Amino acid sequence: MNMEILLTIMGLAVLDTLSPTIIGITLYLLVMEKKRRIIRLLSVYLITIAILYFFLGVSLMFGITLSFDFFKELFKHQILSWAIFLIGMIMFIVSFYMPKKKAAIPSVPSKKTTFTMFMLGFTTFLIEGGTALPYFAAIGLMSTSNLTLLEWTSILGIYNIIMVLPSIILMVMYTLFGRWLHQPFRKLNDRLSKSKDSALSWVMCIVGIVLIFASLDYL
């Protein structure tokens with residue numbers, strides 16, 4: 001396995017930890033829920049997200065593997081490569097002028113049970129799954145790196161653990177030092193809930209970059 005590719009993928013996993021939705025809901029549960037229930041509720045929520053993302057990655061890997069040769073042949077046509085390059089440039093430039101909007105964070109149910117935490121994790125996955133840009137980039141790298149089934153499934157598993165690791169760390173810290181962290185976590189939660197984010201602009205920017213570099217070799 002190429003160590004450079006592996007480090008790049010792990011770097012993307014670290015980038016994927018900056019999810020305002022997952023961290024926001026984690027902080028909300030920590031400061032609003034009774035301490036004795038936090039570990040159970042948050043564990044269900046985070047495990048649901050990690051498993052759903054893992055199976056999304058597996059599905060994409062199998063799909064990309066089947067279609068990769070087809071797209072590779074398309075890129076060999078110079079006219080098409082120039083068209084893809086220009087589209088990528090347009091998307092990249094326009095992404096900087098997209099209006100920003102408030103981050104979409106699902107509402108935490110008032111009645112918190114194992115099932116509602118599972119549904120909250122599922123809802124988070126639906127909101128975040130379409131814009132999980134580092135995840136898609138990592139899958140693209142793995143699909144072109146000739147990895148074995150065991151290698152890329154292992155990397156996917158590690159990736160998803162890293163993705164929810166900040167929430168796990170916050171949970172452990174709050175369990176141990178909740179008395180001192182309650183107020184700082186509440187302020188951080190309030191600040192995060194007011195943060196601005198433009199998912200569409202990031203999507204256009206990253207997709208534009210991917211299209212530009214994918215077409216360069218065939219111009």
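Student: What percentage of the 219 residues in the protein is buried?
Tutor: This is a predicted model, and a residue counts as buried when its relative accessible area is under 20%. Of the 219 residues in the protein, the share that is buried comes to 36%.

Student: Which elements make up the secondary structure of the protein, and in what order do they run from the N terminus?
Tutor: The secondary structure consists of eight helices and two strands. Read from the N terminus on, these elements follow the order α-α-α-α-β-α-α-α-β-α.

Student: How are the rings of Tyr 53 and Tyr 135 arranged, stacked, tilted or edge-to-face?
Tutor: The structure holds six aromatic pairs, and Tyr 53 with Tyr 135 forms an aromatic pair whose centres are 5.4 Å apart and whose planes make an angle of 75°. Planes over 60 degrees apart put a pair in the last of these classes, so the arrangement of Tyr 53 and Tyr 135 is edge-to-face.

Student: Why does this pair tie together parts that are apart in sequence, and how many residues separate them?
Tutor: Tyr 53 belongs to helix H3 (residues 35–75), whereas Tyr 135 belongs to helix H6 (residues 133–143).

Student: In which helix does the residue lie that forms a tilted pair with Tyr 135?
Tutor: Tyr 135 forms a tilted aromatic pair with Tyr 159, at 5.0 Å centre to centre and 50° between the planes. Both Tyr 135 and Tyr 159 are buried. The pair links distant parts of the chain, 24 residues apart, with Tyr 135 in helix H6 and Tyr 159 in helix H7.

Conventions: Residues are numbered from 1 along each chain as its sequence is written. This is a predicted model: local features need pLDDT of at least 70, side-chain atom pairs count only at pLDDT 80 or more; totals for chains, interfaces and linings use all residues. Side-chain values use heavy atoms; hydrogens and water are left out. Helices (H or I, at least four residues) and strands (E, at least two) are DSSP runs, numbered from the N terminus. Buried means under 20% relative accessible area, exposed over 50%, partly exposed in between (1.4 Å probe, protein chains only). Rings of Phe, Tyr and Trp (its six-membered ring) pair if their centres lie within 6.5 Å; planes under 30 degrees apart count as stacked, over 60 as edge-to-face and the rest as tilted.
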